[in-house]
Amino acid sequence: MPERRRLPRPWPQDPPPGPFRRTAWRSPLRGPWLTSVLGAALLAGLPVVVITGFLSYAAYDPSLGRNNLIGDPGLLDFYLFAWPTSPSWLYAATQGLHVTIGIALVPIVLAKLWSVIPKLFAWPPVRSPLHALERLSLAFLVGGILFQLATGILNTQLTYPWSFSFLAAHYYGAWVFTAAFVLHVGLKLPTMVRALRSRRLRDELRTGLRHTRPEDPIAAAAIEREPAPSALVPAAPAAPTMSRRGLLGLAFGGSAGLLVLTAGQSIGGPVRGTALLATHGRTLGDGPNGFPVNKTAAAVGIGAEQTGPAWRLHVTGAAATHALSRADLLALPQHTATLPIACVEGWSTTQEWTGVRLRDLAALAGDGEFDELYVESLQAGGSFRRASLSAAQVRDGDALLALRVNGADLSPDHGFPARIVVPALPGVHCTKWVSRLTVRRNGAPA
Ligand SMILES: Nc1nc2c(c(=O)[nH]1)N[C@H]1C(S)=C(S)[C@@H](COP(=O)(O)O)O[C@H]1N2
Ligand SMILES: [Mo]
């Protein structure tokens, strides 16, 4: 092997006192095997979160009308396919997985970071240009996952203690994290496989505290293909206070606990009550309208004067403009469909909606040739007051301007007098308190 090019060293040979000393990290549990077990779990789980996350971006259909809320992503823009309307639970499933698995991985991510902390303080800090690059990529990896988990979880709690756009930040953050993750897996997969082979999970699960011993620092360095002794395995191990199976039990048990406390919000029905961590998607009242409410009418300043008898639905296209009262809409052919509202925050709820097919309304005003139905709400402000639907979504026979739900009139909080419900459409585009529909082609009325 050619000798590694040495950088001129701006730091002393000996590490400074504190965490840079190899004797500072004393847990006898740390080592490549433990890190690899946690890493293998993340390798199984994180791709699900990444893929469903990018699918959610596609489901928003940012290429259409004014759906793009994150600015021009330039090179990072991608449209693999037009988001389908079938099966109707598609977005409820992908986004439920995104949020539930993302939350459930938190204890495993934290345990994995804990397991590799000594490497953060490795001495010398940089051994070669390649080592410097690898450490830089780790900054993006660790920074990326912490940023994505923190912003994602705060979004599910509708808490925004920052001034940037959540959507834009979470989207660009996803690219940073994904790039670093792919690189990291590429670099570390062989190490992970060697490390997993170095001990047997079954044996570890049978080993209690009394027999817990550190991994071998020389063997560990060989597994890591790093200069011996391994930075992960302690040079001066303390007596164990916990077994490896105890630590894995804590991480995976915590993960399973979070899964149970979150999944109910997506599964719905009687298990919704188990979703104790879902502060959002709570149900207000009971009866036909007794299902979760995102924003109440009061929260967005919509009162009875706007939704009373004076309300009209304006339908505009190239052929005609109509102002329809609720009675006019109820006189049109009605269609009933059982469809979920599936929120980006992970919760969903399936109900039986009745109303006018969107394609019938589009046909009232347009000439039949359109690529977008632009929906606007009575709501004065906020980014959820309008949405663009694609022609394929509008043409789906179950795509509705809903007037009723579960046999009763929509409640004010669920969008009375009329709301959009379309199969597999993200909840955020199921506009409530609709006031105007415009049939468009290339941005102009059609
Ligand atoms: N006008 C308007 N429509 C809206 C919203 C809103 O804030 N304003 N919230 C959206 C979001 S994010 C979701 S998830 C669904 C929730 O519908 P629900 O409150 O009837 O359950 O409504 C959507 N429609
Ligand atoms: Mo939502």
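1. A polar side-chain atom of Lys432 lies 2.5 Å from an oxygen atom of ligand 1 in this predicted model, a polar contact being a pair of N or O atoms within 3.5 Å. The protein covers 100% of the 530 Å² of accessible area that ligand 1 has on its own, with areas from the Shrake-Rupley method and a 1.4 Å probe.

2. Two further side chains approach ligand 1 through an N or O atom. For His414 the distance to a ligand oxygen atom is 2.6 Å; for Arg419 it is 2.5 Å.

3. Ligand 1 is surrounded by 18 residues, with Pro292, Gln379, His414, Arg419 and Lys432 the closest; a residue is near if one of its heavy atoms lies within 4 Å. The shell comprises nine nonpolar, six polar and three charged residues, where Gly counts as polar and Pro as nonpolar.

4. Strand S5 (residues 372–377) has five of its six residues buried, that is, under 20% relative accessible area with a 1.4 Å probe and protein chains only. Strands are DSSP runs (E) of at least two residues, numbered from the N terminus.

5. S5 pairs with two strands, pairing requiring at least two DSSP bridges. With S6 (residues 386–390) the pairing is antiparallel over five bridges, and Leu373 stands opposite Leu389. With S10 (residues 434–441) it is antiparallel over six bridges, and Val375 faces Leu437 across the pair.

6. As the model is predicted, local features need pLDDT of at least 70 and side-chain atom pairs pLDDT 80 or more, while totals for chains, interfaces and linings use all residues. Side-chain values use heavy atoms, without hydrogens and water; residues are numbered from 1 along each chain as its sequence is written, and chains are lettered from A and ligands numbered from 1 in written order.

Technical notes:
A polar contact is a pair of N or O atoms within 3.5 Å; within protein, one must be able to donate a hydrogen and the other to accept it, and residues adjacent in sequence count only if both atoms are side-chain atoms. Buried means under 20% relative accessible area, exposed over 50%, partly exposed in between (1.4 Å probe, protein chains only). Helices (H or I, at least four residues) and strands (E, at least two) are DSSP runs, numbered from the N terminus.
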